[in-house]
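Subject: Structure handover

Hello,

The structure I promised is pasted below. My notes on what was found follow it.

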Amino acid sequence: MPPITLWFLQASRCIRTAWLLEELGLDYEVKFSPRENGIAPAAFKKEAGGLGKFPTLQDGDVTLYESGNIAEYLCDTYDKQHRLLPPLGDPKRYEVLQWVHAAEATWALHGIAILYVRWHQKDGDVKKTEEGLSKNVINDMNLLESTLEKSSGKFLLGDKVTVADTLMHFSAVFILARDLGVKGEDYPRCKKFIQDCEATESYKKAVERTGHSLG
Ligand SMILES: N[C@@H](CCC(=O)N[C@@H](CS)C(=O)NCC(=O)O)C(=O)O
């Protein structure tokens, strides 16, 4: 039995962790669950512990939550060559980590705010609320588009995958696929980035291994 277990909820950010595990060439067991009525089944949440959110990762005695935290842990523990995350003290590390954190704290936050309005706002002008919230998303997506345009390669920080890509890919997919505040605007460089991420052998293996599908 590999020491690493990934609790994987279908159609979720869990693909970030599976992709990173594949990039690192690590063996892992997948505990997979489909969604029930759009959310994680109660028994699956209980088994994973913590807040009952996914991805959840167990490595030996260590149980971890939060896709960004899991990514930092996996790189610090297993990326001995610092291929995906530069070492402590290297200024480049903080450029990479900025994307790791922003993937959740900025891109996903702004996108999910719109999803929650669609799900939970029962009265008032939903479209108007969405319109107001979309300013943040447009700002985020414009920055992603221009950063990718300036990149010297296919990925965020050049021609090699870093942990920044393994986090930001899902945020961009989620915003574009669910049309969260982007008002159908075209982001050709972001779309190309998504294609290039999904064309990597490690991403393909992660999909094959987990059965990930956004549905
Ligand atoms: N900030 C957390 C978010 C975790 C999260 O909300 N995951 C969602 C799936 S994308 C989840 O577990 N939802 C199940 C539920 O709430 O029932 C992370 O980056 O891991």
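Leaving aside neighbours within four places in sequence, Val96 is in contact (heavy atoms within 4.5 Å) with Leu84, Leu85, Pro86, Leu157, Thr162, Val163 and Ala164. Val96 is found in helix α4, residues 91-120; helices (H or I, at least four residues) and strands (E, at least two) are DSSP runs, numbered from the N terminus. The relative accessible area of Val96 is 3%, so Val96 is buried. Here buried means under 20% relative accessible area, exposed over 50%, and partly exposed in between, with a 1.4 Å probe and protein chains only. Gly52 is 44 residues from Val96 along the chain, and the C-alpha atoms of the two are separated by 27 Å.

Please keep in mind that this is a predicted model: local features need pLDDT of at least 70, side-chain atom pairs count only at pLDDT 80 or more, and totals for chains, interfaces and linings use all residues. Residues are numbered from 1 along each chain as its sequence is written, and side-chain values use heavy atoms, with hydrogens and water left out.

On the chain as a whole: the protein chain has eight helices and four strands, in the order β-α-β-α-β-β-α-α-α-α-α-α along the sequence. A compact globule of 215 residues would have a radius of gyration near 17 Å, and the protein chain agrees, with 17 Å. That radius is taken over C-alpha atoms, and the globule rule is 2.2 Å times the number of residues to the power 0.38. Along the principal axes, the C-alpha atoms fill a box of roughly 50 × 45 × 30 Å. Of the 215 residues, 50% are buried. Among contacts with a separation of 6 or more, 67% are between residues 24 or more positions apart. The accessible surface of the protein chain is about 10800 Å², and carbon and sulfur atoms hold 54% of that; accessible areas come from the Shrake-Rupley method with a 1.4 Å probe, and for residues only the protein chains shown count as cover.

UniProt, in an unreviewed entry, lists residues 1-82 as "domain: GST N-terminal". That span is 35% helix and 23% strand, with its end C-alpha atoms 27 Å apart. The record also lists residues 89-215 as "domain: GST C-terminal", again in an unreviewed entry. Residues 89-215 are 72% helix and 0% strand, and the end C-alpha atoms are 41 Å apart. UniProt positions are given in the numbering used here, feature names are shortened, and annotations may be inferred rather than shown by experiment.

Next, the aromatic rings. Searching the whole structure gives six aromatic pairs. Rings of Phe, Tyr and Trp (its six-membered ring) pair if their centres lie within 6.5 Å; planes under 30 degrees apart count as stacked, over 60 as edge-to-face and the rest as tilted. Phe44 and Phe54 have ring centres 4.7 Å apart and planes at 25°, so this pair is stacked. Phe44 is in helix α2 (residues 42-48) and Phe54 in the loop between α2 and β3 (56-59), so the pair ties together parts ten residues apart in sequence. Phe44 counts as buried at 7% relative accessibility, and Phe54 is buried at 9%.

Phe170 and Phe174 form a stacked pair too, 5.9 Å centre to centre with 20° between the planes. Both lie in helix α6 (residues 163-177), four residues apart, about one turn of the helix. Both Phe170 and Phe174 are buried.

Regards
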